[in-house]
Amino acid sequence: SSSSSSSSVLIDVPLHAVQQQIQRQQDLITIANNTNNNNNNHTTTTTPPNSCQEEGVDMIQDECNATTTTMTNTATLVNSSSSNTTSTSPPKMVDVGHNFTQCRDPRRRSMPIWGPSVFEFLQTTYRNVVGLKDSTIAPNSAKSGFQVPIVVKDSKHKGRGVYTLFDIDEGTQIWKNTQHATFRKEHDFIEFLSLLPFQLACDVLVWAYVEPCDGFHIEDGDCYLVAVELDEGSLVNSCKLDGSEYPDFGYCDDENKEWLECDPTKPDASYAFRDIEAGEEILIDYSAIDNDDELAWFDALSARFDHAYL
């Protein structure tokens, strides 16, 4: 999803800055998981960026200060957790470190259009937090799930949106969920948010949604988890649900498998529902992934800004 705004600016992080930030996250995760050497006195510190510009994120000064504080507090929390002597103890809950009521700060005149390096940073941080065993994003996967050329730019009355660069025929595969991140544990999602700069954390919380653990529509009372697309797929807007607009692409199912010539047992890709002209904004139907009220802790976290950031 995207957030309402009058204008957007492209923000991409220089490669060296991404590498530095990823190394910081890896260091923090290593410390958090190091429970076998508790007799050693760890004095590891985390060096925050010299400035927000150094990290490629042009944030207002309050956000820069908040980001620096978050990085420092995260290092303190992780260092203190390494002093536990019982490896079977439940993980220490990490403070999310962000005041999400400020996501709607009126001082923000534009919202960022995140570049490829920012999404790569998100993907790597996700793998560091949940571990390769539980990660749904492979280290060597394509950095974007889009199978057709697209561009992200301002969408009238909707904030940011995804637009096609060329004509697309009905039935064309538009997107694959190669960057579909899932969080089965509340602790992991909170830690993931805490490791992100403030404005990026705001976006991720808006993009995230609840889905069944097996990815399909299942009976009430079964397992649910938090999911988020860590690529431009999160910037695709929803069609209006009043019948005035219809989704342009979506997953294969039993109703459309014949005319899309797709396999509904492989729900990892989305297909064009119609012929789409170059320059059109492509929309999906958010109601198809609406599982609100299934995870109380996620609802409580999202309620910190009452979804008004959307």
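# Helix packing and disulfides in a predicted model

H3 covers residues 116-130 and H4 covers residues 186-194. Their axes come within 10 Å and cross at roughly 140 degrees. The crossing is right-handed. On the H3 side, the contact uses Leu 122, Thr 125, Tyr 126, Val 129 and Val 130. On the H4 side, it uses Asp 188, Glu 191 and Phe 192. By class, this contact has five nonpolar residues, one polar residue and two charged residues.

The model is predicted.

## The overall chain

The chain has 310 residues, and 49% of them count as buried. It holds seven helices and 10 strands. Take the contacts between residues at least 6 apart in sequence: 78% of them join residues at least 24 apart.

## H3 against H5

H3 also packs with H5. Here the angle is about 70 degrees and the axes are 13 Å apart. H3 and H5 are therefore roughly perpendicular to each other. From H3, the residues in contact are Val 118, Phe 119, Phe 121 and Leu 122. They meet Leu 200, Val 204 and Trp 207 of H5. What classes of residue make up the contact of H3 with H5? Seven are nonpolar, with no polar and no charged residues. Leu 122 is listed in this contact, and Leu 122 is also listed in the contact with H4.

H4 is largely enclosed by the rest of the structure, because eight of its nine residues are buried. Those eight are His 187, Asp 188, Phe 189, Ile 190, Glu 191, Phe 192, Leu 193 and Ser 194. The H4 residues that touch H3, namely Asp 188, Glu 191 and Phe 192, are in that buried set.

H5 runs from residue 198 to residue 207 and is mostly covered, with 10 of its 10 residues buried. The H5 residues Leu 200, Val 204 and Trp 207 meet H3, and they are buried. Gln 199 and Asp 203 of H5 are buried too.

## Val 130

Val 130 is found in H3. Val 130 is buried, with a relative accessible area of 12%. Which residues does Val 130 touch, not counting those up to four places away in sequence? They are Ser 135, Phe 183 and Asp 188. Asp 188 is one of the H4 residues in the contact with H3. Val 130 and Ala 181 are 51 residues apart in sequence, yet their C-alpha atoms are 9.8 Å apart.

## Two disulfides

A disulfide is a covalent bond between the sulfur atoms of two cysteines. A search of the whole structure finds two.

| Disulfide | S to S distance | Angle about the S-S bond | Handedness |
|---|---|---|---|
| Cys 213 and Cys 223 | 1.7 Å | -55 degrees | left-handed |
| Cys 252 and Cys 262 | 2.0 Å | 85 degrees | right-handed |

Start with the link of Cys 213 and Cys 223, which is left-handed. Both cysteines lie in the loop between strand S7 (209-212) and strand S8 (224-229), so the pair ties together parts that are 10 residues apart in sequence. Cys 213 is buried, at a relative accessible area of 17%. Cys 223 counts as partly exposed, at 39% relative accessibility.

The link of Cys 252 and Cys 262 is right-handed. Cys 252 sits in the loop between strand S9 (249-251) and H6, and Cys 262 in the loop between H6 and S10, 10 residues apart. Both of these cysteines are buried.

One further cysteine, Cys 239, counts as buried at 5% relative accessibility.

## Glu 261

Most residues other than glycine have a negative phi. Glu 261 has a positive phi, near 55 degrees. Where is Glu 261 placed? The residue is in the loop between helix H6 (257-260) and strand S10 (269-272). Cys 262 lies in that loop between H6 and S10 as well. Is Glu 261 buried or exposed? Glu 261 counts as exposed, at 73% relative accessibility. Cys 262, by contrast, is buried.

Note on methods. Residues numbered from 1 in each chain as written. Predicted model: local features only at pLDDT ≥ 70, side-chain atom pairs only at ≥ 80, totals over all residues. Heavy atoms only, no water. Axes fitted to C-alpha atoms, helices over the stretch in contact; angles between N-to-C directions. Helix = DSSP H or I, 4+ residues; strand = E, 2+ residues; numbered from the N terminus. Left-handed = near helix turned anticlockwise from the far one by under 90°. Contact = heavy atoms within 4.5 Å. Nonpolar A, V, L, I, M, F, W, Y, C, P; charged D, E, K, R; others polar. Buried < 20%, exposed > 50% of the residue type's maximum accessible area, 1.4 Å probe, protein only. Disulfide = S-S within 2.5 Å. Parallel < 35°, antiparallel > 145°, perpendicular 65-115°, else oblique.
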